[in-house]
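Reader: I would like to learn how to read strands, helices and their packing from a model. Please take the features one at a time.

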Amino acid sequence: MDRTEPRLEHTVTDGVATVVISNPAKRNAMTAAMWQSLPVLLDRLAADPSVRALVLTGAGDTFCAGADISSLRDPSGDPQSLAVAAEEALAAFPLPTLAAVRGYCVGGGSQLAAACDLRFAEEGASFGVTPARLGIVYAASSTRRLVALTGPATAKHLLFSAELIGTERALRTGLVDEVLPAGELDKRVDAYTRTLVSRSRLTQAAAKEFADGRTDRDAHWAREARGSGDTAEGVAAFLERRTPRFTWPAGAAVPGEG
């Protein structure tokens, strides 16, 4: 394989799927083919019983510099629709998702990061929402997601000006959840995802739906909790001072076994 070809790479290790945006010639800009391939890859990973969490990151020292601008001149395509479809597929991924950000996280890159449940960034990263530089109307769904993260004033600042902000302001406004010193991001992401994998998938799945605004599944999750055995196992493990072995959904793979 040509290692310089724009592509999405992925691995699954100990229950954690890692998806890497790789387009080194263009600071990991997303091509139309990459936008199209992301929902397909996410469907495959969601169906893999060994996957318990997902990390999205960029190759090298950049997360993603946005959409490949050359694709905007292709009259046969609709790159914004492709980007929104990929963003929505990521937001709908049923397991915990984490964006691990270094360097530039701009334009379409910020859309993808915002669609993750959490964002950890290395000091020195830069964030920007830049459609105003190109005369593009930012999608309504993407705007609402940005407002939910940062509040309307910060969202308007980013969208009106297309200015980049650093990690200090991104953390203060809620655009990122943690900022790590140089060289510490991978270690923190590894430790955090190990924690996620050890927790109840039932709790995480219900919490993700509720936190994302789902209001019609209370009875469903109550039934799942009653039948899962996870609560009994969690209490028993706590009293016995051992690691719990959560089994929801029935037949779920235990990372590290098999």
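Author: What follows goes through the sheets, then the helix pairs, then single residues. Bear in mind that this is a predicted model.

Reader: Let us begin with sheets. In what order do the six strands of the open sheet lie?

Author: The general idea is that strands of a sheet pair through backbone hydrogen bonds, either parallel or antiparallel. Here the order is β1-β2-β3-β4-β6-β9, and the pairing is mixed. The edges are taken by β1 and β9 (178-180), which have a single partner strand each, so one side of each is left without a neighbour in the sheet. On average, neighbouring strands of this sheet are turned by 20 degrees against each other, direction ignored.

Reader: How many bridges join β1 to β2, and do the two strands run parallel or antiparallel?

Author: Strand β1 (residues 7-13) and strand β2 (residues 16-22) run antiparallel and are joined by seven bridges.

Reader: In which sense do β4 and β6 pair?

Author: Strand β4 (residues 97-101) pairs with strand β6 (residues 118-122) in the parallel sense, over four bridges.

Reader: Which strands form the open sheet of three?

Author: That sheet has the order β5-β7-β8, again with mixed pairing. Its edge strands are β5 (104-106) and β8 (165-166), and each pairs on one side only. Between β5 and strand β7 (residues 126-128) there are three bridges, and these two strands run parallel. Y104 stands opposite S126 in β7.

Reader: Which helix lies across β5 and β7?

Author: Helix α3 (residues 108-115) does, running at about 90 degrees to β5. This helix is mostly covered, with eight of its eight residues buried. Among them are G108, Q111 and L112.

Reader: Now helix pairs. At what angle do α1 and α2 cross?

Author: Two packed helices are described by the angle between their axes and the distance between the axes. For helix α1 (residues 32-46) and helix α2 (residues 79-91), the axes come within 9 Å and cross at roughly 25 degrees. The two helices are therefore roughly parallel to each other. The contact is made by A32, W35, Q36, L38, P39 and L42 of α1, and by L82, A83, A85, A86, A89 and L90 of α2. By class, this contact has eleven nonpolar residues, one polar residue and no charged residues.

Reader: What is the handedness of the crossing of α1 and α2?

Author: α1 passes α2 in a left-handed crossing.

Reader: How is α2 placed against α4?

Author: The axes of α2 and helix α4 (residues 140-150) come within 10 Å and cross at roughly 45 degrees. That makes α2 oblique to α4. This crossing, too, is left-handed. On the α2 side, V84, E87, E88 and A91 meet S141, S142 and R145 in α4. The classes in this contact are two nonpolar, two polar and three charged residues.

Reader: And at what angle do α8 and α9 pack?

Author: Helix α9 (residues 218-228) packs with α8 at an angle of about 175 degrees, and the axes are 11 Å apart. That makes α8 roughly antiparallel to α9. The contact is made by L202, A205, A206, E209 and F210 of α8 and D218, W221, E224, A225 and S228 of α9. Its residues divide into six nonpolar, one polar and three charged.

Reader: E209 is in that contact. Is E209 buried or exposed?

Author: E209 has its place in helix α8 (residues 201-211). The cut-off for buried is under 20% relative accessible area. At 18% relative accessibility, E209 therefore counts as buried. Leaving aside its neighbours within four places in sequence, E209 is in contact with R214, R217 and W221.

Reader: Where does G60 lie, and is G60 buried or exposed?

Author: G60 lies in the loop between β3 (53-58) and α2. With a relative accessible area of 59%, G60 is exposed. The C-alpha atoms of G60 and R27 are separated by 8.9 Å, and the two residues are 33 residues apart along the chain.

Definitions and conventions
Residues numbered from 1 in each chain as written. Predicted model: local features only at pLDDT ≥ 70, side-chain atom pairs only at ≥ 80, totals over all residues. Heavy atoms only, no water. Axes fitted to C-alpha atoms, helices over the stretch in contact; angles between N-to-C directions. Parallel < 35°, antiparallel > 145°, perpendicular 65-115°, else oblique. Left-handed = near helix turned anticlockwise from the far one by under 90°. Contact = heavy atoms within 4.5 Å. Nonpolar A, V, L, I, M, F, W, Y, C, P; charged D, E, K, R; others polar. Pairing = 2+ DSSP bridges. Buried < 20%, exposed > 50% of the residue type's maximum accessible area, 1.4 Å probe, protein only.
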